[in-house]
Amino acid sequence: MVLNWIWIAFFAIAFLMAAATSLLTGELTIWSDIMNASFTQAAFAFEISLGLTGVLTLWLGIMKVGEKAGVTEYLGRLIAPLFSRLFPGIPKGHPALGAIFMNISANMLGLDNAATPMGLRAMQEMQTLNRQKDTATDAMIMFLVLNSSGLCLVPISIMMYRAQGGASNPTDIFIPILIATAVATLVGLVALCIKQRIRIDGVLLSWLLGIAACVAGVVWFFSSLSPDKVELYSTFAANLILFSVIMVFICAGIRKRLRVYDVFIEGAKEGFKTAVTIIPYLVAILVAIGMFRASGALDAITHQVEHFVAWLGGDTRWVGALPTMLMKPLSGSGSCAMMLDVMKANGADAFVSKLAAAVRGSTDTTFYILAVYFGSVGVSKTRYAAGYALLADITGAVAAVIVAYFFFT
């Protein structure tokens with residue numbers, strides 16, 4: 001229901017903004033800009049789906065091998081003490097638990113191309129337990145919010161963008177991003193536990209503390225390395241783990257005496273079907289976002305916030321990163337473009353550029369995730385998923401601002 005009204009609001013605000021611009025300034029080309037944005041975004045949505053087809057085909061094939069070989073079931077049992085509490089509606093040993101674990105692990109390593117197919121597989125497995133096929137279950141919502149909060153231990157892509165932008169120390173945003181995304185994940189998780197009446201007992205608390213200790217360990221390890229070593233080791237570790245997963249699945253399939261190639265092809269066929277299924281959902285959300293942005297509403301909000309902060313006598317330096325902040329839940333490519341624009345205008349080493357990078361890495365792209373994951377299984381009634389995902393987004397953005405001021409001023 002929340003997503004429905006948010007989607008409508010994008011069109012309504014874009015129309016009102018265009019009407020106001022035409023009446024007050026006499027500028028009529030804005031209507032062409034908005035409609036051109038709708039056509040461009042519709043084509044872009046198809047391009048994304050087409051681009052995902054190959055990746056989905058690969059990883060759903062690999063996941064099918066892991067499923068048939070019993071690896072995902074084993075992973076599900078391994079993390080059962082934690083997931084049985086966070087996802088009480090999923091039976092112990094169900095394949096969904098292993099797929100969820102693989103997805104979250106890939107996200108933490110910054111491996112988006114691998115995380116999405118694993119996440120779609122998790123949604124398909126959870127849908128088999130869903131009695132109301134058009135309505136999101138509590139487990140689905142928990143999974144979506146964990147994805148939206150985007151806990152990432154290795155923000156490889158952002159460090160690469162900063163290196164390309166000429167930053168003197170591209171990895172200096174590593175720790176701020178890790179802190180901001182950890183805070184966003186913790187707040188989203190605890191808020192959902194309260195909403196879904198999940199008791200935070202000793203086992204759950206110990207797991208959360210253990211994860212916090214792992215985050216602290218990563219911070220300690222990478223903070224002791226030189227900047228060039230941070231990017232080298234993080235990229236090496238992420239890709240080594242990913243390739244190792246593929247080899248473990250294949251070896252497990254051989255041990256089970258599976259016809260591994262045939263099993264891979266069986267799973268790979270599902271990739272194309274899934275990619276086609278999500279096209280309408282991507283078109284719907286990306287067209288709405290594109291028209292909203294083309295109307296000038298995003299720029300207007302930024303200017304008003306800057307004037308208001310200045311009127312209050314506050315520091316307005318952070319407002320330069322507001323477009324990145326507002327675009328982040330809406331569009332991954334859009335927020336990336338905003339971040340790069342800030343870096344180009346101010347220099348990669350400017351405070352606002354570092355803040356924009358921290359914001360960009362603090363959470364994931366909420367509406368893209370909602371569209372792709374719910375769309376892949378035909379869920380149209382998302383209940384309170386959007387609201388709690390946006391709570392994690394807001395928390396991550398605020399945490400990024402606070403941490404950036406602490407580290408960079």
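# Close-up views of a predicted helical model

**Figure 1. Thr-366 has its place in helix α18, which covers residues 366-376.** Helices here are DSSP runs of H or I with at least four residues, strands are E runs of at least two, and both are numbered from the N terminus. The model is a predicted one: local features need pLDDT of at least 70, side-chain atom pairs count only at pLDDT 80 or more, and totals for chains, interfaces and linings use all residues. Residues are numbered from 1 along each chain as its sequence is written, and side-chain values use heavy atoms, with hydrogens and water left out. Is Thr-366 buried or exposed? Thr-366 is buried, with a relative accessible area of 0%. Buried means under 20% relative accessible area, exposed means over 50%, and partly exposed lies in between (1.4 Å probe, protein chains only). Skip the neighbours within four places in sequence, and Thr-366 is in contact with Ser-148, Lys-328, Pro-329, Ala-389 and Asp-393. Contact means heavy atoms within 4.5 Å.

**Figure 2. Met-123 in helix α6 (residues 112-127).** Here's another residue with a relative accessible area of 0%, so Met-123 counts as buried. Tyr-373 is 250 residues away from Met-123 in sequence, yet their C-alpha atoms are 6.7 Å apart in space.

**Figure 3. Helix α13, residues 279-294, and the glycine after it.** How many residues does α13 have? There are 16, and the helix reaches 22 Å from its first C-alpha to its last, close to the 22 Å expected at 1.5 Å a residue. That expected span is 1.5 Å times one less than the number of residues. The buried residues of α13 are Ile-279, Leu-282, Ile-285, Leu-286, Val-287, Ala-288, Ile-289, Gly-290, Met-291 and Phe-292. An α-helix has 3.6 residues a turn, so residues three or four places apart point the same way. Following α13 comes Gly-296, with a positive phi near 90°.

**Figure 4. Thr-277 in helix α12 (residues 260-277).** With 34% relative accessibility, Thr-277 counts as partly exposed. Which residues does Thr-277 touch, leaving out those up to four places away in sequence? They are Gly-375 and Ser-376.

**Figure 5. Two arginines with positive phi, Arg-257 and Arg-383.** Arg-257 isn't a glycine, but its phi is positive at about 60°. Look for Arg-257 in the loop between α11 (227-255) and α12; at 77% relative accessibility, Arg-257 counts as exposed. Arg-383, not a glycine either, has a positive phi of about 55°. Its place is in the loop between α18 and α19 (385-408), and Arg-383 is partly exposed, with a relative accessible area of 34%.

**Figure 6. Pro-323 in helix α15 (residues 322-327).** At 14% relative accessibility, Pro-323 counts as buried. Aside from neighbours within four places in sequence, Pro-323 is in contact with Leu-298, Thr-302 and Met-338. Leu-50, 273 residues apart from Pro-323 along the chain, has its C-alpha 28 Å from that of Pro-323.

**Figure 7. Leu-16 in helix α1 (residues 2-25).** Buried or exposed? Leu-16 is exposed, with a relative accessible area of 57%. Leu-16 and Ala-297 are 281 residues apart in sequence and 9.3 Å apart in space, C-alpha to C-alpha.

**Figure 8. The protein chain, for orientation, has 19 helices and zero strands.** Its radius of gyration is 22 Å, close to the 22 Å that the globule rule gives for 409 residues, so the chain is as compact as a globular protein of that length. The radius is taken over C-alpha atoms, and the rule is 2.2 Å times the number of residues to the power 0.38. Along the principal axes, the C-alpha atoms fill a box of roughly 70 × 45 × 40 Å. Of the 409 residues, 51% count as buried. Among contacts with a separation of 6 or more, 78% come from residues 24 or more positions apart.
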